[in-house]
Amino acid sequence: MLNRNNLYPDINENVKQLLSNIGANNVSKKTKEKLHETLSQLVDLKTALDESSIVAVTDQYGTINYVNDKFCEISKYSREELIGQNHRIVNSGFHSEKFIGNLWSTILNGEVWKGEIRNKAKDGSFYWVNTTIVPFLNEANQPYQFLSIRTEITKLKQAEKELKNMMTKLMNVQEDERRKISRELHDGIGQRLFSLLIQIDQISHDIEHNNLEVMRNDVSNIIQEIRDMSWELRPSVLDDLGVVPAIRSYLKEYSQHYGIEVQLDTNIKKRLEIDIETTIYRIIQEALTNIGKYADVSEAFVKMIEDEKKIVVSIMDYGHGFVRQRDMKGVGLFSMEERARAVNGELEIESEPEKGTHIKLTINKL
């Protein structure tokens, strides 16, 4: 938060005027020299900022009072076209009302706002800027103007988009391979072993031999292991019937394996896009696996709710929980977040020691 006079837009003229008036003021030579040095440093600071950043100053209502050359260059508007306008002149329409509302709420409270914004230039092209908005406060501690300092990150955002597309393609390829292997295990090797099991049963009716019983048990165990492997890779019910039947089926297997009862609540009645169904299934699978391994609970909760605008999936437990360290991500968490982003979704994780964990997936409909 800054509390100072409004000098940035006309700083050069102000400094010149002050410097010319120093000789007329009844101040000591040392004070004049110090003032001269300070004002010169301020001019240098402005020059450096103009060279490195996109700068604008607005009043408390958002009206633009000043822009530097870099702002004009990137927006492709002239200074005359920008002065007196609102920042809506470069609004791309990309960000939600919630995003913009949070921005204004922050700076009107006298707090610095930082974030990434996509703007629209005069020629219709889009550009991304990493933005810091600093409110200037008056004596009543109320904002009377805002200084916006931006750096262009369009190429970085393009690289992020390309990386996201690559990750999406990679996950799709992975799911296709899992689907093929799962089908082969279940319909190929699994069926052949089942046929062998029937033959062993037929032979067992004709002769008594303990070795046959042992062989039959071994084959039966192999069949079960293959079914489990096939299910872990990709359940056929997910492709055949959809995510809700697949989750119901998975929860039965899960409860038997971990001894944890899972309460399912959903209003989803129709099939979703296959990519969305896969994402929901994998995130629930990963979250429940972590609960089974670490939470030490007898009960967990899964909710899948769909409305006109979004799909919200929640996985909750009241177990051990954990303290999530910043920038520390395991493979499972990274995979869940990438899957969420690939379907225009957002993943939120809340956890507290001995109070449990809540994982929330929100998928916005396009």
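1. Basis. The model is predicted, so to speak of local features a pLDDT of at least 70 is needed, while side-chain atom pairs count only at pLDDT 80 or more and totals for chains, interfaces and linings use all residues. Residues are numbered from 1 along each chain as its sequence is written, and side-chain values use heavy atoms, with hydrogens and water left out.

2. Confidence. The mean pLDDT (the predictor's confidence in each residue, from 0 to 100) is 82 for the protein, with 75% of residues at 70 or more. Residues 1-7 stay under 50 in pLDDT, and the model has 19 contacts for them beyond four places in sequence; contact means heavy atoms within 4.5 Å. Where pLDDT is low, the predicted coordinates should not be read in detail.

3. Totals. The protein has eleven helices and ten strands; these are DSSP runs, helices being H or I with at least four residues and strands E with at least two, numbered from the N terminus. Of its 366 residues, 37% count as buried, where buried means under 20% relative accessible area, exposed over 50%, and partly exposed in between (1.4 Å probe, protein chains only). The accessible surface is about 22,700 Å², and 50% of that belongs to carbon and sulfur atoms; the areas come from the Shrake-Rupley method with a 1.4 Å probe, and for residues only the protein chains shown count as cover. Among contacts with a separation of 6 or more, 59% join residues 24 or more positions apart.

4. The antiparallel sheet. Five strands form an open sheet in the order β2-β1-β5-β4-β3, with antiparallel pairing; two strands pair if DSSP finds at least two bridges between them. β2 (64-67) and β3 (113-120) are the edge strands and have a single partner each, so one side of each lacks a neighbour in the sheet. From one strand to the next the twist averages 30 degrees. Axes are lines fitted to C-alpha atoms, for helices over the stretch in contact, and angles run from 0 to 180 degrees between N-to-C directions.

5. Details of that sheet. β1 (residues 54-59) pairs with β2 in the antiparallel sense over three bridges, and Ala56 stands opposite Val67 in β2. Helix α5 (residues 97-108) packs on the sheet, where it touches β3, β4 (126-137) and β5 (143-152), and its direction makes about 135 degrees with that of β3.

6. The mixed sheet. A further open sheet of five strands has the order β6-β7-β8-β10-β9 and mixed pairing. Its edges are β6 (261-266) and β9 (345-352); each has a single partner strand, so one side of each is left without a neighbour in the sheet. Neighbouring strands here are turned by 10 degrees against each other on average, direction ignored.

7. β6 and β7 (residues 299-306) pair in the parallel sense over six bridges, with Thr266 opposite Met304 in β7. Helix α10 (residues 274-295) packs on this sheet and touches β6, β7, β8 (310-317), β9 and β10 (356-364), its direction making about 10 degrees with that of β8. Helix α9 (residues 243-258) lies across β6 and β7 and runs at about 170 degrees to β6.

8. Thr279. This residue lies in helix α10. Thr279 counts as buried because its relative accessibility is 4%. Not counting residues up to four places away in sequence, Thr279 touches Arg339, Ala340, Val343 and Leu361.
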